[in-house]
Amino acid sequence: MSQPVPIPHGLPMQRDVTPFDPPREITELRGARPVSPMLFPDGHEGWLVTGYDAVRRLLADTRFSSRQDLGILHMPYETPGMPAPTEPSPQIPGMFVAMDPPDHGRLRKKLTGAFTVKRMKTLEEHIVEIVEQQLEKLANMAPPVDLVKEFALPVPSLVICELLGVPYADRENFQVNSAKFLVRDQSLEEKMGAYIALNTYLTELVTGKRAEPGDDLLSDLARDDDVTIEELTGVAFLLLFAGHETTANVLALGTFALLENPGQLAELRADADLMPGAVEELMRYLSIADIFFRYATEDIELCGEKIPEGSTVVISLLAANHDPERFDDPDTLDIHRTARGHLSFGHGIHQCLGQQLARIEMRAGLGGLLRRFPDLALAVPAGEVRLKSDMNIYGVHELPVTWTETAK
Ligand code: HEM
């Protein structure tokens, strides 16, 4: 298959239709050639995968290596002049999201017990308590307030800190530094600086836990002599990073999306049982973690296209989740649809380890917010909400909201 469709130069990332839908160019490309060659800014050729079926197959196929260029530290398309990759990048100890079998499984297995549905259920009550405390603080503030700063970021940060045994008082360090990785055109020096700062902080923290373990997830891992301090640090880094930035963005952008869809919002307020389905649909619709990379370890055929060994393959989860071949009327937020099968938590061996935790946080967070603030509204025109178009995880920088009444 090779239709005469334009090959994108660089990655079209701007959501230029609405704040929520995929970029126009991505939608057109998916319709014409869901597995398409693309050119990186330095001129070397890679592949861009946008169709639901192709993305799902790719994520399930470990011949597509996750050892992409230093993982979250810098992404290939952002590094003009980078040589065409010819081999997988070196591994960072502990950072198992960017590892392949068997290294990946060795570390992931040590954590799965801590993230089972059952373990998460037992945490649920406590998460609801954390949400309620934050809502109480919010209700005592004089609107307008920034919902990101006062609610969407603190809730998942508090939860992950407690789970891992990271002092919440140190949040400046990890919130500021992890945000720096996500700025798309950040220089490599800046990213390295943030990485070193966070790494130094976490090395000290996990070294302390190894010497004197406490009652938290990192201490449990620190008791395992098979795990080195470097690996412990990498795991801590990954969990802390993945555990707060992602959920915070869904909470804030999800609130924005609901406020922009008042009919859906009213239905959700009227029937709390709709919340689990609404969270799933928001995950699909918003696809805040959009772009991921893989590396072809051999020549691989994917949906009729031949991807040569050594290619960098870019995946758009946003495009896949809005594929009309899989979801009817995909650019419409519909809390009644069955969004199950969306790829927002990935698929295959790297499928999100924290997905149950994230779901619980989102149900409790959004549910609590809607109950407590029955007339929550944007405090600025929707067009003035600052979108994270400059970041690798999508969301809003701030969400100014207001209300006239609160409920218990
Ligand atoms: C992996 C999304 C919340 C921890 C992933 C992947 C995605 C994702 C797409 C797959 C990456 C890949 O295939 O390369 C999200 C979204 C979240 C969320 C959208 C929130 C709404 C969390 C939370 C944690 C977490 C709360 C908490 C601890 C992880 C870890 C991995 C991962 C450790 C790597 C798994 C592996 O490589 O085996 N996440 N995530 N995530 N996520 Fe999440």
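Helix 8 and helix 10 meet through L198, N199, L202, T203, L205, V206, T207 and R210 on the side of helix 8 and I229, L232, T233, A236 and F237 on the side of helix 10, where two residues are in contact if their C-beta atoms, placed from the backbone, lie within 7 Å. The residues of this contact of helix 8 with helix 10 divide into eight nonpolar, four polar and one charged; here Ala, Val, Leu, Ile, Met, Phe, Trp, Tyr, Cys and Pro count as nonpolar, Asp, Glu, Lys and Arg as charged, and the others, Gly among them, as polar. This is a predicted model, in which local features need pLDDT of at least 70 and side-chain atom pairs count only at pLDDT 80 or more, while totals for chains, interfaces and linings use all residues. Residues are numbered from 1 along each chain as its sequence is written, and helices (H or I, at least four residues) and strands (E, at least two) are DSSP runs, numbered from the N terminus.

Two packed helices are described by the angle between their axes and the distance between the axes. Helix 8 (residues 188-211) and helix 10 (residues 229-259) pack at an angle of about 120 degrees, with 9 Å between their axes; the axes are lines fitted to C-alpha atoms, for helices over the stretch in contact, and angles run from 0 to 180 degrees between N-to-C directions. That angle makes helix 8 oblique to helix 10, because angles under 35 degrees count as roughly parallel, over 145 as roughly antiparallel, 65 to 115 as roughly perpendicular and the rest as oblique.

Leaving aside its neighbours within four places in sequence, T233 is in contact with G94, N199, L202, T203 and V206. The C-alpha atoms of T233 and T207 are separated by 8.7 Å, although these residues stand 26 residues apart along the chain.

Helix 10 also packs with helix 14 (residues 355-372), their axes coming within 10 Å and crossing at roughly 35 degrees. On helix 10 the contact is made by T246, T247, V250, L251, G254 and T255, and on helix 14 by A358, E361, M362, G365, L366 and L369. By class, the contact of helix 10 with helix 14 has six nonpolar, five polar and one charged residues.

Which residues of helix 2 (residues 52-60) are buried? They are Y52, A54, V55, L58 and L59. These residues cover an arc of only 165 degrees around the axis, which puts them on the same side of helix 2, the arc being that of the directions from the helix axis to the C-beta atoms.

The peptide bond from P101 to P102 is cis, with omega near 0 degrees, and P102 is found in the loop between strand 3 (64-65) and helix 3 (103-112). S287, in the loop between helix 12 (275-286) and strand 5 (291-296), has a phi near 40 degrees, a positive value in a residue other than glycine. D329 likewise has a positive phi, of about 45 degrees, although it is not a glycine. With 24 C-beta neighbours inside 10 Å, S287 counts as buried, whereas D329, with 9, counts as exposed.

Definitions and conventions: A residue is buried if 20 or more other C-beta atoms lie within 10 Å of its own, exposed if 12 or fewer, and partly exposed in between; C-beta atoms are placed from the backbone.
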